[in-house]
Amino acid sequence: MRKLLDKKIVAQDGECGICKEKFTDYSDIVPDHINPRGMDGAWRDDHPDNIQAVHWWCNGEKGSTRS
């Protein structure tokens with residue numbers, strides 16, 4: 001997952017997929033499921049197209065909703 005997350009950071013130009021702010025600390029970045037389980041995302045949970053890099057606090061605020 002870390003290799004995929006590194007690729008997502010580059011693909012997203014170093015910006016959080018939710019708030020669009022630039023990442024400043026690598027330890028603040030976590031993977032986020034765009035379509036979480038229970039919202040039609042279960043069949044492809046860890047598929048690269050269903051993952052985005054986000055700040056851990058943005059992921060916490062998002063919860064189990066779609067971004």
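Lys 20 counts as exposed, at 51% relative accessibility (exposed means over 50% relative accessible area, buried under 20% and partly exposed in between, with a 1.4 Å probe and protein chains only). The model is predicted: local features need pLDDT of at least 70, side-chain atom pairs count only at pLDDT 80 or more, and totals for chains, interfaces and linings use all residues. Residues are numbered from 1 along each chain as its sequence is written, and side-chain values use heavy atoms, with hydrogens and water left out.

Lys 20 is found in the loop between H1 and E1. Helices (H or I, at least four residues) and strands (E, at least two) are DSSP runs numbered from the N terminus. Phi of Lys 20 is positive, near 70 degrees, in a residue other than glycine. Most residues other than glycine have a negative phi.

Asp 13 also has a positive phi, about 55 degrees, although it is not a glycine. Asp 13 is located in the loop between H1 and E1. The relative accessible area of Asp 13 is 56%, and Asp 13 is exposed.

Lys 22 lies in the loop that runs between helix H1 (2-11) and strand E1 (29-33). Neighbours within four places in sequence aside, Lys 22 is in contact (heavy atoms within 4.5 Å) with Asp 13, Gly 14, Glu 15 and His 55. A polar atom of the Lys 22 side chain lies 2.5 Å from the backbone oxygen of Asp 13. Lys 22 and Ile 9 are separated by 13 residues in sequence. Their C-alpha atoms are 9.9 Å apart in space.

How values were computed. Polar contact = N/O pair within 3.5 Å; in protein donor to acceptor, adjacent residues only side chain to side chain.
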